[in-house]
Amino acid sequence: MSDEHHEPERETFSHDPVGHAEARAGMTVGELAAEYGKAGVGAATLHEAVDVTAAMFDDDVTVFLGLAGAMVPTGMRKIVSDLIRDGYVDALVTTGANLTHDSIEAIGGKHHHGEVHAEGKTEREHDETLREEGVDRIYNVYLPQEHFAAFEGHLREEVFPVLEAECEEREAQRASEEPSGANREGAVSIRRLTEELGRANAEVNEREDVAEDPGIAAAAYESDVPIYCPAVQDSVLGLQAWMYSQTTAFTLDALADMTALTDLAFEADEAGAFVVGGGVPKNFTLQTMLVTPRAYDYAVQLTMDPPRTGGLSGATLDEARSWGKLEKDARNVSVYADATITLPLVVAAARERVEGSEGGE
């Protein structure tokens with residue numbers, strides 16, 4: 001028997017030992033993210049997400065931000081509006097629910113810390129009490145229902161009348177001379193609705209001297225960043241739009257946004273998708289590239305949904321590559337954790353890196 005030691009042949013293994021992260025007083029979030037890179041499992045994935053996000057935030061990359069879930073009522077609103085105002089986002093795809101809660105804050109309403117269940121009560125008993133008190137619950141966040149009434153008034157007084165007048169004008173034009181293309185019956189696009197919502201939110205916020213930031217829709221309006229809301233009907237905003245349309249000329253064209261959105265993707269030299277949550281915003285963001293000659297060069301998703309169920313919300317971005325939504329050599333990473341934890345970390349660390357390098361030039 002030979003004593004000679006033979007190293008095994010390892011084609012997929014390289015010498016890259018796991019280190020041990022440090023957490024020190026006074027660290028910046030970028031330094032903490034760098035320490036994550038020494039570790040394994042979710043820490044390593046989040047570190048990679050920072051790398052890809054920082055690369056995506058380059059001026060030459062057209063960034064599509066997909067925002068699903070209860071990100072606004074849970075306190076992530078200013079992170080998103082700052083990204084828009086500071087030029088990191090070229091298009092936002094989100095839910096009507098996030099736009100509803102964004103507007104409530106813009107005009108003076110607030111979400112409140114709450115409980116999943118009160119002491120001495122079951123969760124069902126607690127929710128029954130909240131219903132009697134006129135309070136809606138989003139896990140451990142409360143929203144008094146009177147804020148929805150204020151939002152309805154805001155839409156009917158500040159937003160819908162402007163769009164109604166546009167619909168009437170379009171209908172008059174159609175009656176006199178049939179135009180080509182979309183909006184044949186005087187409808188306005190959903191993007192136009194979100195634009196007008198942003199304008200109204202900004203104006204009321206300033207006029208009423210609301211302490212809270214005017215928010216996401218206002219930032220997009222002021223920065224000329226389009227907001228697409230493909231499932232607007234699935235929200236209080238959509239319900240109110242439908243109700244208003246029953247007695248007025250106001251109506252929406254769900255297909256009108258597709259041309260502008262695909263043009264933005266088509267004209268991008270490089271494109272990146274930063275996807276928070278899943279559902280319609282995620283798919284709408286990713287499928288945009290299916291009608292262009294190219295695909296996304298960068299993609300990051302923050303989600304809690306597992307991929308093994310086969311659902312879109314948890315599907316890996318590698319799976320999206322098989323559909324042609326990502327380039328074969330695209331840099332991409334999926335982080336499976338609560339987005340209210342990961343979004344601030346990833347954004348802050350990426351911005352620290354990008355803005356630090358800009359300051360050093």
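## Thr303 and strand β10

Thr303 is found in strand β10. Helices (H or I, at least four residues) and strands (E, at least two) are DSSP runs, numbered from the N terminus. This is a predicted model, in which local features need pLDDT of at least 70 and side-chain atom pairs count only at pLDDT 80 or more, while totals for chains, interfaces and linings use all residues. Residues are numbered from 1 along each chain as its sequence is written, and side-chain values use heavy atoms, with hydrogens and water left out.

Thr303 has a relative accessibility of 2% and therefore counts as buried; buried means under 20% relative accessible area, exposed over 50%, and partly exposed in between (1.4 Å probe, protein chains only). Apart from neighbours within four places in sequence, Thr303 is in contact with Ser313, Val335, Tyr336 and Ala337, where contact means heavy atoms within 4.5 Å.

## The six-stranded sheet

Strands of a sheet pair through backbone hydrogen bonds, either parallel or antiparallel. Here six strands form an open sheet with parallel pairing, in the order β7-β2-β1-β9-β10-β11. Two strands count as paired if DSSP finds at least two bridges between them. The edges are β7 and β11 (326–336); each has a single partner strand, so one side of each is left without a neighbour in the sheet.

Within this order, β9 (residues 270–276) and β10 (residues 296–303) pair in the parallel sense over five bridges. Val276 has Leu302 in β10 as its bridge partner.

Strand β5 (residues 141–144) is covered on both faces. Val141 and Leu143 lie on one side, Tyr142 and Pro144 on the other, and all are buried. In a regular strand the side chains alternate between the two faces of the sheet.

Strand β3 (residues 112–113) runs antiparallel to β5 and is joined to β5 by two bridges; His113 has Val141 as its bridge partner. Strand β4 (residues 135–138) is also antiparallel to β5, with four bridges, and Arg137 stands opposite Tyr142. The hairpin of β4 and β5 has two residues between the strands, and Tyr139 in this hairpin takes a positive phi near 55°.

Two packed helices are described by the angle between their axes and the distance between the axes. Helix α6 (residues 146–176) packs against helix α7 (residues 190–207) at an angle of about 130°, with the axes 10 Å apart. The pair is therefore oblique: angles under 35 degrees count as roughly parallel, over 145 as roughly antiparallel, 65 to 115 as roughly perpendicular and the rest as oblique. Axes are lines fitted to C-alpha atoms, for helices over the stretch in contact, and angles run from 0 to 180 degrees between N-to-C directions. Residues of α6 in the contact include Phe151, Leu155, Val159 and Leu163, and those of α7 include Leu193, Leu197, Ala200 and Val204. By class, the contact of α6 with α7 has 10 nonpolar, two polar and six charged residues (Ala, Val, Leu, Ile, Met, Phe, Trp, Tyr, Cys and Pro count as nonpolar, Asp, Glu, Lys and Arg as charged, and the others, Gly among them, as polar).

The axes of α7 and α8 come within 7 Å and cross at roughly 105°, which makes α7 roughly perpendicular to α8. Thr194, Glu195, Gly198, Arg199, Asn201 and Ala202 in α7 meet Ala217, Ala218, Tyr221 and Glu222 in α8. This contact of α7 with α8 divides into four nonpolar, three polar and three charged residues. In α8 the buried residues are Ile216, Ala217, Ala218, Ala219 and Ala220. Their cover includes β1 (61–67), α3 (72–85), β2 (91–94), α4 (96–106), α7 and β7.

## Positive phi and a loop residue

Most residues other than glycine have a negative phi, and most peptide bonds are trans. Asp224 lies in the loop between α8 (216–223) and β7 (227–228) and counts as exposed at 61% relative accessibility. Val41 also has a positive phi, near 55°. Val41 is placed in helix α2 (residues 41–56) and is exposed, with a relative accessible area of 77%.

Ala254 is in the loop between β8 (252–253) and α10 (257–267), and its 48% relative accessibility makes Ala254 partly exposed. Ala254 and Cys229 are 25 residues apart in sequence, with 9.2 Å between their C-alpha atoms.
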